[in-house]
Structures are given as C-alpha cells and as structure tokens.
Amino acid sequence: MLLTLGVGLAAGHGAADDGDFANFESAHVHPIAISDDGRRLYAVNTPEARLGVFEIGSHGRLVFLGDVPVGLEPVSLAVRPGTHEVWVANHLSDTVSIVDGRALRTEATLPVGDEPTDVAFAAGRAFVSLAGNRDHVAVFDAGSRELLTRIEVLGDDPRALAATPDGRRVALVVLESGNGTTNVHEAFISDARPPPDPWPARDVYFPPSVPMMPAPHAPLIVQQDPDSGRWLDEAGQDWSDAVFFGIDATLPDYDLFWIDAQADPPFVEERVSRVGTSLFDVAIHPSTGAAWVPNTDARNLVRFEPNLRGHVVETRVSIVAPEGDEVDPIDLNPHIDRSRTPGPPEEIARSLSIPVDSAFDRSGDRYYVAAFGSSKVGVLDGRTGEVLRRIEVGGGPSGLALHPRRNLLYVLERFSNTIATVNTRRGRVVGRTGVSGPRAFDPSPRAVREGRRLLYDGQLSSGHGDLSCASCHVFGNFDGLAWDLGDPTGYFLAFEEMPWLDGIVQSPHFGFDPMKGPMTTQSLRGLSGTEPLHWRGDRADVQAFNGAFVSLLGRDRVLSPSEIDLFAEFVATIQYPPNPNRRLDDSLPAFLEGFGDPRLGEEIFLNVPVQGTLRCVGCHASPVGHLPLIQTAGGDQSFKIPHLRNVYEKMAYDPLPPTGPEPDLVKGGFGVLHAGALSLRAFLGLSFDGLGERLPDLVAFLLSFPTETAPCVGSQRDLHPADGFAGAAFVAVLAGQAATGRCDAVAHGWLGGEPVAFAYDPAADAWLADRKGRAPRSSEALLAGLQEGDLLTVSGVPAGSGHRLALDRDRDGCFDGDERERGTDPASPGTPVIDSDADGISDETDRCPGWKQRDPRQRDRDRNGQPDECQCGDVNDDGRTSWRDLVALWMYLNGNGRRGLEPAKCNVAGAPGNDPALCDHADLSALFVHLWSGSREPVDLCLPPDPGTDEAVLSCEDEPLPKKRARR
C-alpha cells in the first residue's frame, strides 16, 4: 500500500510542467537586501514563496543558511534598522511576512491590503506601498506593528519607496504614472476640425467591392503642455476645449510623492509631475537628497507604427530635486543612433533596457541600476548621471544589494532565480548561487524558465537593444496608455482573408482598415481561450504578432518559429490575480465603497434588458465576460467583444470625489473600451437607457467580476494558541474552497520547537504532514494542538500547487520534513527509490534493510562491511563485534546486566529474528567460535525486516545539504 502511494506521488509530482505551478508574473521591486552588520543577505524566492537567507563569508562568498516560507509572490523586502527582522511584501497574499533572520522563522504575518509592492522604514515606522484596488500607503508602528494610518495616493499602482538618510521623509513612485496624455473623443473631430494629416501619406487602396474609403473616424491622442496647460496634438494643434474629464475635473499626472514620515499621522507633503511614464524605482542620493528614478517615458503622442519603429519609449533616470518640482531626465542610451533602424550589433550590445532596482554607494559617487531587459547593471556617475560602465550579469537582473563595506554587489537574476556576486572594482561576476541554495532549484515550468526572456529581453527583441514587448506590456500587464499604431501605408484586411473569423463576424463592414486609431494597451494575462486576439480580433493567436518585432520594435527579422512558439507558450502561463473586490468564499460583498451593491448589479447584468431586449450577459458571457464575436457598436469600425476580468484595473479615468478645495481629479488619461476614451460610468450612462439610480450597482458588479483566479488564492492568516473562533472560521472557509477545487490550502510554521508544514486533503478532510510517518490531522486537531510559542500560517494557494508548496517542493517523492530529518536537501530533486526501513538509503545499497538506523551515513567502525546499526553480535552496541560483546551476552543470559545492551543483535545462530527472547546460549557459543577464529567476515545477518515497517516505502537518493559555517 505505501509503495503504491509513494509511486503515485512521485509520478504526479516528478516533472516541472505537471500543472502544479501558477505564473502571475509579479514584478520585483526591492527583492534583495543585506543586514545592517553586512553579515547576512536576504533574497525573495518568488517561484517557491520563500525568503532565502545567506551568510556573507570570506571574499563575499554566499553560504546558504536556509529559507523561510512566506506569502505568495514575494516581490520586495526590507530589513528593519537595528534588528534582524526582515519584512517581506507578498504581492498576491496581501500580507507582509515578518521573519526573524537569525532564527529563520516567521514571527508574524501582517495583513496590509491589496497587492503590497514595497516596504521602507523611517521615523520608527514601516511604510508599505499598495498597488491594488485602493492605491495607497499603509503606515505601521514598526515595533508594535499596529496600523497608524493609510495615505491615499493620487497615482496608479504605487510601487517603490525610499527613505531619506535622516529618516524625515519617504519618497514614493507609482508604476503606471502616465505622461499627461489622453484622448479627444471622436465626437469632437470632424472635417471642419480634422486631426493632423497622416505621415507617411495614406496609400490609395480599394477594399473589396468598395471605392476608396476615408480613414475610420477615431479619437486623437493629445498631451497637456506643462507650461501653458493646453492640450496639444503631435502637430501642436490646441484641443483644450475638447478634453473633458467631468465638471471641473483635471488630470494632474502626479509621479513622485514626498511623504512627511515624522508627522502624526504621516501625510503627502509634496507631489511632483513629469518624472516619466512607467516608474520602476526610487533611490535617495546620500549627500544631495535628490531622488533618482529609473523609468521609461512613452512616445505615444507620436502617431503611427512606421514613425515609432525602434523608438517607442525613452529609457531614463530622472533626477528629482529634494525641494520643488525640478526634474532632470538622463538618457541611459545616448549612444543610440535613431537615424537608422536596426542599429549595428555593437550599439545593441551597449543598450540598457527596463531599468528597475537601483542603489547608491555610501559616498554617492556611483549609482547602480539593474537593466532588467538587457542582462546588465549600469554604473552611473553619481553627480552627472553619465553611464560609466555596463556590467554583464545573468538574465533579468531585478534586484541590487551593495555591501556597505566591501567592493561587492549582489544581483538577483530573475530569469534563473539566482544571485550573482559582482566585484565592483573588476566590474564582473565572480560568483553565483541559487536563491533556493547552491543547486539553484527552480520549480517554474520550462515555458516560464526559457520563455520569459522573449517578453523582456531588449537585446533579442529590438533594433536598438532598448525595447521589448514589456516596454508597453509592463510585466505582462499594460502601461495604462493608448497608442495609435495604425499605418497609413498599410493594407486593408478583408474578413474573407482571415479564416479564423469564420462564423463570428456580425458586421456591415468588409474588414479592418490599417488606420485603426488609438487603442489602449491590452494585458497579456489570461489570453488562452480568448482567441482571436487584440481589440479587433484581427490576430488569430499570439504567433500572429511576430511581425511587430520588425514593424514596431525595429528588429531586422521576425522571431524563428521555435522562438515565437516558445513566446506564445510563456504568455499562455500568465494568469490574472484574484479580484480584490470579491470575498474569501468567492461571493459578492453587500456593498462596494464609493459605488453600490454588486449583488443587485449582478441581477441587472444577468436579467435586466439594457438595450431593447439585450442583456449584458448576452454579449459578455461567463466565465471571462466575452463572446468571440466581431460586431459594430456604432462608428465605422468593427471590434471584438472585450472581456471584463480587469475592468477593476481601469478606473484611473473615473473622477475621484473632491477633497477639500481641490476640483475632481483623475489618476490617468485613459478609461474603458478600445480607445480608452470614456470612463466606466460615462460609458454605461451613455450606452444604456433607463439604468438611472441602478447604475452604481452595475458598476459595482463589473468591478467585482471574477478573474478566473479565486479570492482564496493567496489568502493568508496566522493561527495562534488563543485564536479561537476567528482562526477556526478562516480555516473552515479555506478548506471549503479547497474542497470545491478553487484553491489548495497549506500551512507552514513551528510546532513544539520544530518546523512543520501541512497540505489539506479534501478527500480525507484532513491535513497531511510533510513527514510520511505522521498521521493526518483534522482541522480541529490542528488548531487544538497549538501551544504557547507555536505559530502556524495557513494560506490558500493555486489549485494543484499545495503538494509542492507544503510537502515536496522538489517533486522527488520524498517529503520535505523527512529530508530535513535526514540532512538531505528538500530543494534538490533526488531519485525515488525503494527504502523499506525509511532510513534514507535504498534497499539496493542498504546493508541491513528493515533496520532503521540512527545515522543515515551508516558508519562501520570495525570496517567489516556491516553497518554499526545492524551488526550481529555487537550486543553492547559499540560499533564492533569483540570479546566485550561475549562477556555482555554471558552476563545478560545469566541475569546479571542489561544496561547498554542491544539484545536484538545477539541472535547470531538459529532461526533469524530480532526478538530479544530468541537470544540463548546457542548464540553465546556461536559468537565464541566466531571470535576465536579471528574472522573479519561479518556475522550472518540476524535482523530481518522490522514487523513495524514490513511494507516498502519510497525514499530518495539525494545529496546532503551543504555544510553551514558556524553562525556568528
């Protein structure tokens, strides 16, 4: 029975691509850090939801000390000053794990809010940025961990934090900050007031059976001039009277926020605009106090793909003065010659792409920035911003940690889940280890490990080395902008030329015009099963976008068939996170603050006609809220019915309620529909008659639309001995969700002073331990077993991943707890073998199968080929068979002593067996003859399989954990 179960487990969890891994492509912010004393390094292990802990040894060598389970998708960490506390931001679990870096255990799990991205400490407080449904910063007392306040941020997706050296202020940047662009609705555009003439000039062509047609009527992208405040198009025409966000509403385009950290409570004291479009990090210069912000600045005001080819964004570091709004952008790629695309190989090789984490040295003379999209670390002059050097590292450098006293830089390499050690004097990598330990185990599927670079790598993707698909599809999502990627010289695509549209076109038009007008960047999440793709449905699949590597990114040729197929495989892995507006049990809340009752909205969505007899669900069907139909909803173009899974992320265009004397404000310039030219409220109000007072309820439901990832995924709570009803209720709901298949449930922590992990088995309604010899526990027993000093953190994880995350992380069939007990590495896949006595040695090589030894190395002190633990005749258990054993056995048989005796080893004659009652004077005689003969041959085995372990079980042939240096 045990053998059968073990083989099943090994088969089910032995491969990397077996469905036990979910990819949310969460973006690292500050994923690596060094302790104040310079002796420890900490790094997030995002694929395994763990924190890796290393000792920094001689010459900067990293010695793996172990890792600690945290929440799902850890993306950032910070060491609390003056302590060994490591605060880890878990992006999907909506928590911060507070880890004792010395004891290697979690002290507490702090619920903080939707999608935490970063942590910073100042003035005895912990600041946590949250990029989810409420765009704010949560502030905690760092000692008591009590919530002090929440600071609302007028920006989309708060991301990185940095405290000033004096601790007085904290700087915050937002990821989707925008660039002051928005759309003029097509209703304001006419022959009397046309957009600028297209350049290059529009080709003369004739769609099937139709004379030459004008370009479709479409919105126009405009940008607010920072000096005059006027809204201008790319030709400088003024459209200020046509830009309308609502009564007296404005788009301030705030990018960087200075927070007074010492105030009671802390608040935003200053806001800065025009820093960049996608802001990735902020670091404070140690002497000037200026904020240095790595970013990309979008050129979406420029119309048409031929004019953007090879130059979609600028890659920069913006230097923001510590006082006032002065911003000085520094081009990270001044060597690029924009007059020719593609550029030469030497130009591509020098480019820096997607600048993410950054750090200053102690003096501020050097500034280091991780170029995630070009496998480099840029070294800049800390005074001028000039690029001095480019250090080659591994793929996807996402985090930097500078040693405070040595010429060492540690770089977290996201693509391989490794840490590179860089000698900053030599400017090269001098060592590398895995975030999970020296064997660099990574549970990610092949499509993720090998395909991720095709989304981000500018060297591979573009004509100048500075662009990739991720330049707009930021970390697999979007940039919050619209782009006019039409082509005046392009070709009209007739429906009949696109066989994938057969049967799904319900339109009076004949096809797709190349002058399509502005369209918002779409997310790459959850694309599988939603084909055909893009706003118009004019792409059959991901592979059909291959031409954009040439026409937009400026590459000299498209990807090879194997490369584009791998890219499509990778994109298919990216999933949506849970909708934060739904409850833990996946039900709708009674009220969504600022909107209405989503339950009433669902009733409207499903059953109430909103246009004639048409109901919302008639077009936006479950599960993703769309149908594969190409339709015309007014206008002179046809579009695919869009899905609804990320509507809650597109509210930046909806005016916020006024605060004090300020007018209504909007966070971003683009909303819903293909062009983003309307807010959600405006679209519903203009499109559907008769909703009236019910409109807020429908909005509330759309903002709560399911994403295909259940809310239980990532949910997390600490259980304490005195937790009572609240803990039991959480466990019950989570177990119930696991029983429905929406997620798995796991628990990690410490019981009775030892690390433990459990995975919930819905079939048995019990929690399985990470040691095969331990009996499953009911939820009640799990809670009742908590004693003073114990802590369990219970988490919901993606369906199918619970076994890997809690029981067998390397999928080798050998449970993690058993491996820890034997001293082998749970993150180093071994070979499943038959090990009938569960001693860590396969029966094929076990000298005494059936006898569970104490020492897994099976010492043999007398070197006779028989392990000490099973050496027949060694009745005094000293590791060798000698005359002392004869004396001990004689005394035992005559009732004169048992202390230190192993009577189970005395049966050297007669029928085999290890029952002490079988020891008799025949064994005494046989042992005397054996010793008198002086034989070095082992005595015949007298220890058959133990009756308690007579069923074979699986174990693993695995390498032992590396020896750890003594802790200081």
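**Stop 1: the β6-β7 hairpin**

Now widen the selection to the strands around that pair. Strand β7 covers residues 95-100, and six bridges join β7 to β6 in an antiparallel run. Together β6 and β7 make a hairpin, with four residues between the two strands. Pick out aspartate 94 in this turn: its phi is positive, at about 60°.

**Stop 2: across to β5**

Next, look at the other hairpin that β6 takes part in. β5 and β6 form a hairpin too, this one with five residues between them. Select glycine 82 in the turn, where phi is positive at about 75°. The antiparallel pairing of β5 with β6 (residues 85-90) extends over five bridges. To see one pair of partners, highlight serine 76 together with alanine 89, its bridge partner in β6.

**Stop 3: both sides of β6**

Stay with β6 and show its side chains. Are the residues of this strand buried or exposed? Six of the six residues in β6 are buried, leaving the strand mostly covered. Turn the view to check each face: Glu85, Trp87 and Ala89 lie on one side, Val86, Val88 and Asn90 lie on the other, and all of them are buried.

**Stop 4: the whole sheet**

Zoom out and color the strands from β5 through β8. They make an open sheet of four strands, ordered β5-β6-β7-β8, with antiparallel pairing. Which strands sit at the edges? They are β5 (74-79) and β8 (105-111), each of which pairs on one side only. On average, neighbouring strands in this sheet are turned by 25° against each other, direction ignored.

**Stop 5: a second sheet**

For a closer look, select β3 (residues 50-56) with β4: seven bridges link them in the antiparallel sense.

**Stop 6: proline 47**

Now go to the loop between β2 (40-45) and β3, where you will find proline 47. Why does proline 47 count as buried? Its relative accessibility is 10%, and buried means under 20%. Show what surrounds proline 47: leaving out residues up to four places away in sequence, it touches Phe21, Arg414, Asn417, Asp442, Pro443, Ser444 and Arg804. Then draw a distance from the C-alpha atom of proline 47 to that of serine 436; these atoms are separated by 9.8 Å, although the residues are 389 apart along the chain.

**Last stop: confidence**

Finally, color the chain by pLDDT. The average is 89, and 88% of the residues score at least 70. Residues 1-17 have pLDDT below 50, and this stretch has 30 contacts in the model beyond near neighbours in sequence. Residues 945-951 are also below 50, with nine contacts counted beyond near neighbours in sequence. Where pLDDT is low, predicted coordinates should not be read in detail.

How values were computed
Residues numbered from 1 in each chain as written. Predicted model: local features only at pLDDT ≥ 70, side-chain atom pairs only at ≥ 80, totals over all residues. Heavy atoms only, no water. Pairing = 2+ DSSP bridges. Axes fitted to C-alpha atoms, helices over the stretch in contact; angles between N-to-C directions. Buried < 20%, exposed > 50% of the residue type's maximum accessible area, 1.4 Å probe, protein only. Contact = heavy atoms within 4.5 Å. pLDDT = per-residue confidence, 0-100.
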